[in-house]
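Please look at the sequence and the structure below.

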Number of protein chains: 2
Amino acid sequence: MSTASLAFSGAGPIAAATRERVLESARELGYAGPNPLGRQLRRGRSGIVGVVIGDALARAFRDPVSTQVLDGLVGHLGPLDLGVLLVPGSAAPDAPAVDPLLESAAMDVAVVMWGGNDDDPVLSTLQRRGIPTVVVEGRKLPGVCVVGIDDRTGMAATTQHLLDLGHTRIATVTLPMDRDRHEGPVDEARLERPMWEITRRRLDGVLDTGVRPVVVYETPASLVEHGASAGRALLGEPDRPTAVVCQSDLLASGVVLAARELGLRVPQDVSVAGFDGIELPWLAPDELTTVVQPLTDKGATLGRIVEELLAGEEVADHEMPVSLRVGTTTGPPPA
Amino acid sequence: MSTASLAFSGAGPIAAATRERVLESARELGYAGPNPLGRQLRRGRSGIVGVVIGDALARAFRDPVSTQVLDGLVGHLGPLDLGVLLVPGSAAPDAPAVDPLLESAAMDVAVVMWGGNDDDPVLSTLQRRGIPTVVVEGRKLPGVCVVGIDDRTGMAATTQHLLDLGHTRIATVTLPMDRDRHEGPVDEARLERPMWEITRRRLDGVLDTGVRPVVVYETPASLVEHGASAGRALLGEPDRPTAVVCQSDLLASGVVLAARELGLRVPQDVSVAGFDGIELPWLAPDELTTVVQPLTDKGATLGRIVEELLAGEEVADHEMPVSLRVGTTTGPPPA
DNA sequence: GCAATCGATCGAATCGATTCGATCGAGCGC
DNA sequence: GCGCTCGATCGAATCGATTCGATCGATTGC
């Protein structure tokens, strides 16, 4: 009955008595309210925002960078009555190109975290399905909106800070460069080849200062243990670098832990810098020298963009500001 | 056209030539494949599993216990073409009882993490909507399926371990007891009143051994910083306890950090035990004495139960085993 | 008292895919 | 050559809520 619809929605003209009567008999019949599926079909909207996590979920969740952004996003979307559907990205290199959910699940908008390269199958699938998409920290591509930060300038500021302190032997620890997620030092040739946008930009920031890193060490994921492995590899030898610039705070904190493990003092024996500006329980607040990015804001900005995309508006890219925060993990090189 | 449906689904009898022809003209018309909303309505299934996180998302995500279970769940659900919709639970005490998503979003099954008390508005909403529900670590209630672990026995084992080592002054640091998320020591009277099931059971485990904790310290969330606050409060005084039993590893690791901060050696000056068996980057592997629970398994079990609920089967509760793992954070009390 | 107007209510069409039954044509056996 | 059978294709009904237009009744103004 159409009157029932009015009774439940509350909108439209309806006598209070009738409304009451409808709700009453609904209760008797054990009717639990309108079926969302019918509503969605009629409206042509599912009320669902697909969030594609560009990494194994367990890994992504272990990184506060992802979870803070996700939290900001969910917080913004909740009041709009929009839900977040978790869509695993392509995790293993041998897995199917895209998750079946991405092909078949209903979603009004998609948010792609850690968007990949030009030929990212995730993006092409979304484009084929005609789903408006916003990409976090990805490459500028036609038809999708990108939200990012000024990685390059931020990283250059960190590196310059180390140069100003007098460092000359600087190593850098990077995020993964591609789906292979190689671990270890990479050679010159690799640096010329394409790599994930975020890794590229943060690397370019270092190079912009004129620094030639003594080692570029790739990690398979932004996790403490990989930072620790990198730290042990880099700092275990006598001709170790005097400073290590890391592309994430988790990696940096791993390097700090490794340094302590090796009996090295930070920053007297080695300086360590990170990127992101997250709170780490095992380091004092503001201890780590890092580039702070507004993570929760980023989530909220994503939320606003989703809103605009749903309204059918054209949306401009956003680049959010970053700032260098000097802590106590960087200092002059040992004499 | 009904033939088009057959062409896309692939099921049913259809000549290869026709199929090809249909797909061809679909491409010309810019048709991107079947609309999920129509399919869902017809099938009466949304393919969505609502996961209600019983805490602010940012907090929940910072706890590996939640994320590992979630990861196990998503991993099991993915191949079934089921998606996970994140539904915020009731976060602030003054927020509306349940999130609007819980009222209106389409979901075939709900998973409630950290299910609350008897009168949990989340559970009653789900029951009213007739959505099959499985609760993680909640209270046994009619009509819902519960997946949990043997908290009580696990906690008793830890406490007994400390008793065997000779401790007599034992304090305990608890998870939040109710929505108020009070922080600080609680009095005897509070312990008699109802509290969240998981907190109650882990507390009962301690009491089962006959131990009367010198302090029961409640925290507002299972986070390192709250463990650290608790540690500072408990260990800052001269008549400090010789052992602290914590209801989670994150809390325990906070206590360890606080102890180190205060110049106390663990376990020589104070023993610390946790619960959950997660890997913490800032502690060596297996360093913390704790009760290990099978987190990823728990997620997979949840996945199986979701599957069974979708098939309309009656599902039995599951209690998963735990085991005490003695590390190096517990030892005999100081002489 | 009659007509016009306004508000409440109801019928019917719509969203898009699926699926059951019916129809149509071709191939095969007798 | 005729009839039967099987497979492919097509029409139509269905899932459930929403919404536009139409109808119905009552109230008010003249």
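A residue counts as near a strand if one of its heavy atoms lies within 4 Å of that strand. The model is predicted. In this model, 19 residues surround DNA strand D. The closest of them are A:Ser2, A:Tyr31, A:Asn35 and A:Arg42, together with B:Thr18. Of the atoms of DNA strand D that come within 4 Å of the protein, 57% belong to sugar and phosphate.

Single contacts can be looked at next. At the phosphate, a polar side-chain atom of A:Tyr31 lies 2.4 Å from an oxygen of DNA strand D. At the bases, an N or O atom in the side chain of A:Arg42 is 2.6 Å from a base oxygen of DNA strand D.

Which elements give two or more residues to the surface near DNA strand D? In chain A they are helix H1 (2-9) and helix H3 (36-43), and in chain B they are helix H1 (2-9) and helix H3 (36-43). The largest share comes from H3(A), which gives four residues. By residue type, the surface near DNA strand D has eight nonpolar, eight polar and three charged residues.

Now consider chain A as a whole. Its domain assignment gives domain 1 (2-34), domain 2 (46-149 + 294-320) and domain 3 (151-292). Between the C-alpha centres of domain 1 and domain 2 of chain A, the distance is 38 Å.

Methods. Residues numbered from 1 in each chain as written. Chains lettered and ligands numbered in written order. Predicted model: local features only at pLDDT ≥ 70, side-chain atom pairs only at ≥ 80, totals over all residues. Heavy atoms only, no water. Polar contact = N/O pair within 3.5 Å; in protein donor to acceptor, adjacent residues only side chain to side chain. Nonpolar A, V, L, I, M, F, W, Y, C, P; charged D, E, K, R; others polar. Domains from an automatic or database assignment.
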